[in-house]
Amino acid sequence: MMLQLVLLAALALCGRCSEQDLDEMQRVVGGTEARAHAWPSQISLQYYSNSNWHHTCGGTLIQRNWVMTAAHCVDSNRNFRVVAGDHNLYRSDGSEQVFSLSKIIIHPSWNRKNVAGGYDIALLRLSSYATLNSYVQLAVLPPEGSILPNNYPCYITGWGRTSQNGQLSSVLLQAYLPVVDHQICSSPSYWGSSIKTTMVCAGGDGVHSGCMGDSGGPLNCEVNGQYQVHGVDSFGYKQDCNTKYKPTVFTRVSAYISWMRSVMAQN
């Protein structure tokens, strides 16, 4: 079955789009404004063009000098930076920390021409160390191999679109996205064979979803009293981000713990 997949990053969708097109392709669907700095490991990945920095993807601070994001967010020849401690992209509150990148490491099995093949994950080494405080914190990652059950409560966060043709959100949004387990999500009425065991689906209620500009950002799930990042936002349904039975698809973080440890140890 031919399915319409869309990478949830403005950059990935556009390639040669105008700056106006890029700026318009963002925001969580059905979300509400997060309390400022409630998700202190969330970062904004930005690229430089026409003398300005533009938000393109989310990401997660996992070590003081390492960020986890989606491979499709950084597999182009752009000048990127990471902004941690942000809430309103267009206003400086003094809580922001800005970093250039010293290295981009994309999973070696990632293939942009085969999104459904998986491996949509990358690590970004920052040029300096983040200062941890009430605005900037490290994420908690799940144990290797852990899989959450169907309907487990999670939240997506990001600055992406609020609708298929929506605008960039100035503030960080969050939306409730419960897990859709592999058996359901890989069924013909959902995503079918596009879904691999190294992915995790969430949402699909036709009300809440990730959308363009949310790519690379986290799926936050509370386990044993603390939020863990179980997913890296990867793709959604091309016709409309907010489509029933087409949950937002994330790279399953617990499937890549060993790879990330190895990368960070060697670099």
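User: Why is Tyr48 called partly exposed?

Analyst: Tyr48 has a relative accessibility of 38%. Buried means under 20% relative accessible area, exposed over 50%, and partly exposed in between, with a 1.4 Å probe and protein chains only. The value of Tyr48 lies in between, so Tyr48 counts as partly exposed. This is a predicted model, in which local features need pLDDT of at least 70 and side-chain atom pairs count only at pLDDT 80 or more, while totals for chains, interfaces and linings use all residues. Residues are numbered from 1 along each chain as its sequence is written, and side-chain values use heavy atoms, with hydrogens and water left out.

User: What makes Asn50 and Ser51 exposed?

Analyst: The relative accessible area is 56% for Asn50 and 59% for Ser51. Exposed requires over 50%, so both residues qualify. Asn50 lies in the loop between strand S3 (42-49) and strand S4 (52-63), and Ser51 lies in the loop between S3 and S4 as well. Strands here are DSSP runs (E, at least two residues) and helices are runs of H or I with at least four, numbered from the N terminus. Phi is positive in both non-glycine residues: near 50 degrees in Asn50 and about 65 degrees in Ser51.

User: How many aromatic pairs does a search of the whole structure find?

Analyst: The search finds 8 aromatic pairs. Rings of Phe, Tyr and Trp (its six-membered ring) pair if their centres lie within 6.5 Å; planes under 30 degrees apart count as stacked, over 60 as edge-to-face and the rest as tilted.

User: Why is the pair of Trp39 and Tyr227 called edge-to-face?

Analyst: The ring centres of Trp39 and Tyr227 are 5.0 Å apart, and the planes stand at 80 degrees, so the pair is edge-to-face. Trp39 lies in the loop between strand S2 (32-33) and S3, and Tyr227 lies in strand S14 (residues 226-237), so the pair ties together parts that are 188 residues apart in sequence. Trp39 is buried at 13%, whereas Tyr227 is partly exposed at 35%.

User: What makes the pair of Tyr48 and Trp53 tilted?

Analyst: The centres of these two rings, Tyr48 and Trp53, are 5.0 Å apart and their planes stand at 55 degrees, so the pair is tilted. Trp53 is partly exposed, with a relative accessible area of 30%.

User: How do you know that the charged end of Lys246 sits over the ring of Tyr237?

Analyst: A charge sits over a ring if NZ of Lys or CZ of Arg is within 6 Å of the ring centre and within 35 degrees of the ring normal. The charged end of Lys246 is 5.5 Å from the centre of the Tyr237 ring and is listed as sitting over that ring. The charged end of Lys246 also sits over the ring of Trp191, 6.0 Å from its centre.

User: How do you know that S12 pairs with S11 and strand S15 (residues 248-252)?

Analyst: Two strands pair if DSSP finds at least two bridges between them. Strand S11 (residues 179-180) is joined to S12 by 2 bridges, and S12 is joined to S15 by 4 bridges; both pairings are antiparallel. Cys201 in S12 stands opposite Val180, and its bridge partner in S15 is Val249.

User: Which residues of strand S12 (residues 199-202) point one way, and which the other?

Analyst: Met199 and Cys201 point one way, Val200 and Ala202 the other way, and all are buried. In a regular strand the side chains alternate between the two faces of the sheet.
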